[in-house]
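Welcome, and take a moment to look at the model before reading on.

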Amino acid sequence: MSENQEQAKTPLELPIFPLRNSVLYPYALGPFSAGRRISMEAVDAASGSEEKEIAVFAQRDIAVDVPDQDDLYEIGTRAVIKRMARSEETVEMILQGVERIRLVKLEKQDPYLLGRFEALPMPAWEDTPEAEALKQELVALTKQYQGMVQMAMSFDVEQAARQLEGPVQLIYFLAMIPDLPLEKSQQILEADSALEAMKRLHEYLSHEIKVLKLRQEIAGQVQGEMEKQQREHILRQQLRAIQEELGETNPEDQEVAELRRRLEEADLPELVREEAERELNRMQRLNASSPDYQVIRNYLDLVLELPWKAETEDVLDLKRAREVLDEDHYGLEKIKERILEQLAVLKLNPEAKAPILLFVGPPGVGKTSLGKSIARALGRKFERLSLGGLHDESELRGHRRTYVGAMPGRIIQAMRRAQVRNPLLMLDEVDKLGRDFRGDPASALLEILDPNQNSDFRDNYLDLPFDLSHTFFILTANTLDTIPGPLLDRMEVIQLSGYSDEEKLEIAKRYLLERQRKDAGLTSEQFVVPDETLRALIRDYTREAGVRNLERAIGRLARRVALTIAEGGEAPPRITPDMLGEMLGKRLHTPDEARKELPAGVAAGLAWTPTGGDVLYIEAIRLPTGEGLRLTGQLGDVMKESAQAAYSWVIAHAQELGIEDTSGAVHVHVPAGAIPKDGPSAGVTMATAIASLLSGKAARADTAMTGEITLTGLVLPVGGIKEKVLAARRLGFRQVILPRQNEEDLDDLPEDVRKEMHFVLADRIDQVLETAIGNGVSQKS
């Protein structure tokens, strides 16, 4: 047995110096730095020994501060500390590798790593032609690598190779020159034969040289643009060169080819196709990092995705359309008839232009849902966008592409989403459009909604004519007062008034109960709400023209029942009116009733509000001093003028009305004082209250009235008749005085309301006073 083999079997016990990203080869001499506590302690222990030997092992995971045996590679190097210098935080030293060793056992980890090792023989060298040729090739490759990387400390590799004692020492020397990854360096150290180590080193060196050559070729291709472009541009060019070297398609060319294919397949008008091809050719000449490149890319996507000719076929089955409208909405007969009329026109003349409808009514009466039903009846796609609070006309017309972040307008975006050129497009809250220095969106709507102009609507971003004449526009509003006249002139106004209590009851039974029951996950047996409970809900918990709050209240009942069932309880067999207080809390509205008796100077008037009708008691008193008319109650200018006209008429006709004393000031107040009020329809009520006060005769408590008056005593028509009459009926009035010219509006009332209430139609104010006060307070003939 040789001495070397005897030494290989002799166990060693040495401190361990763990390396995080490098390897120390036998025969190699190099500087190292120890900064971790366990490393510094290991160096101190080794330097204190006579031999100054230390075991150097590479870590598998560099993130581990105190590695155990599994965190270290199995094979390392026994080294000798040649020189050492200590500072406060690190120990700098020069180590020289001696031989390869294998870690047998890690004896301890504190205060430093101590292990038992066995020495390994040096890789065996077989003097064969293959080994000699591979050695010479390694020297040549190393020299080539050294020249390509332009190392700061260049030296003659061939001369250094001749000075080394043996081929194994040469292999380890050459392995230190290239910057190899830790795993590859460790594989060379672990090789048991010199031939195996050389093959691994040859493979790694060849790969590194190929990468360097490719990088040099890439650098040569982009050299002319490096000074002008940013780092991102350089990386893109290098990526392009790599892909060309690998035979892959240029992604920019592929993108242009895909756009060209889509352009060829798209059914576009000739003008649009020419513009798209011009922009595509311009994009092809641009660099991908150019800002205009992405702008044109987004523009072409929009052009190719817009429905220039695609459209849905209208379903012109009038019977089915009527069934759909009746299924989705209760009542609204006039509106349904208007939609069916349009279907009939389209059936006889498919080229007829779509109407532009404006649904006006209080919140919650079903304007938006009616639009969805119309789309379903027609078989058209439905798109909706809200105009509420819109101030910038560019939101509708789009921004010009010269601006950063430019986008198409909302109209074109809606057409893009619809994917057809004849959708039903609902524009909500048109009465809430704004206007400021950025433009007037209402004026932009003039072009969009005008059938004579929108056939070639030009969005600022698109800058191409797009046909909107096939689009069915429906707009919604709560009031007409804030809509500009020219815009209103382009639309057909359809009024949606509030619902009566009976209509609300039917709507709740047909639609709301079922929808909320399904949303809560209840069965029809678990959620039973009888008619008397629904009436109590309508009367005590909701007071509105529509049914939105009613649906919320029903939804809350359903959720309370669902909570009871989910907690293991038993749902009530039916929800009675007595249970509403426990489930919904106290009543939100106390039942309003008409005053049983009215003193002289008080009259009941009817008013319209965005949420339905209301009853206003107008009160007048005579002051002992002063003269003229005083008004309180936050009245608007129109209402103040109506009060002044009523006062003047009564004073002018005092003798005819049987009024003897008109001295003193008259104070007229309209409760509630915190609520602003305006409008002309309180004129007849003002006159009645003042005439009642000055005559000393009380007005009838069961009579409410509405109408505008003139100084000559005429009673002029007003709006909101349905809402006002429903409000009067809700409070228990049985007689309503209306202007005669509003007689046709009575047809809009439910039949049961017309039968239940008595209507007095007046042409002149003396007819109003005769009915409301009577007993001598009327003009004498």
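The side chains of Glu305 and Arg416 meet in a salt bridge, with 2.7 Å from N to O; a salt bridge here is a side-chain nitrogen of Lys or Arg within 4 Å of a carboxyl oxygen of Asp or Glu. Glu305 belongs to helix H11 and Arg416 to helix H16 (residues 410-418), so the pair ties together parts that are 111 residues apart in sequence. Helices (H or I, at least four residues) and strands (E, at least two) are DSSP runs, numbered from the N terminus. Glu305 is partly exposed, at 29% relative accessible area, and Arg416 is partly exposed too, at 26%. Buried means under 20% relative accessible area, exposed means over 50%, and partly exposed lies in between (1.4 Å probe, protein chains only).

Please keep in mind that this is a predicted model, in which local features need pLDDT of at least 70 and side-chain atom pairs count only at pLDDT 80 or more, while totals for chains, interfaces and linings use all residues. Residues are numbered from 1 along each chain as its sequence is written, and side-chain values use heavy atoms, with hydrogens and water left out.

The structure holds 56 salt bridges.

| Pair | Closest N and O atoms |
|---|---|
| Glu99 and Arg78 | 2.8 Å |
| Asp292 and Arg282 | 3.4 Å |

Asp292 sits in helix H11 (residues 291-305) and Arg282 in helix H10 (residues 270-285), so this pair ties together parts that are 10 residues apart in sequence. Asp292 counts as partly exposed at 35% relative accessibility, and Arg282 does so at 32%. Both also take part in a network of salt bridges that links Glu275, Arg278, Glu279, Arg282, Asp292 and Arg401.

Are Glu99 and Arg78 buried or exposed? Both are buried.

**Strands and a helix**

Strands S4 and S5 run antiparallel and are joined by 11 bridges; two strands pair if DSSP finds at least two bridges between them. A hairpin of 4 residues leads from S4 to S5, and Arg83 has Ile94 in S5 as its bridge partner. S3 and S4 also run antiparallel, with 4 bridges, and here Val56 stands opposite Thr77 in S4.

Helix H2 (residues 37-47) has Ile38, Ser39, Met40, Ala42, Val43 and Ala46 buried. These buried residues pack against S1 (11-19), S2 (29-34), S3 (53-58), S4 (75-86) and S5 (91-108), where contact means heavy atoms within 4.5 Å.

**Enclosed spaces**

How many cavities of 30 Å³ or more are there? The count comes to 2. A cavity is a set of points, on a 1 Å grid over the protein atoms alone, where a 1.4 Å probe fits but cannot get out, and lining residues have an atom within 4 Å of a point. Grid points are joined across faces, edges and corners, and a volume is the space filled by probe spheres set on the points.

The largest cavity holds about 50 Å³. Val56 and Thr77 are among its lining residues, as are Leu19, Phe57 and Leu189. S3, S4 and helix H6 (182-190) each give two or more residues to this lining.

The second largest cavity holds about 40 Å³, and its lining includes Lys353, Leu449 and Thr471.

Conventions: 1 Å grid on protein atoms, 1.4 Å probe; cavity = no way out; pocket = protein on both sides within 12 Å on 5 of 7 lines; lining within 4 Å.
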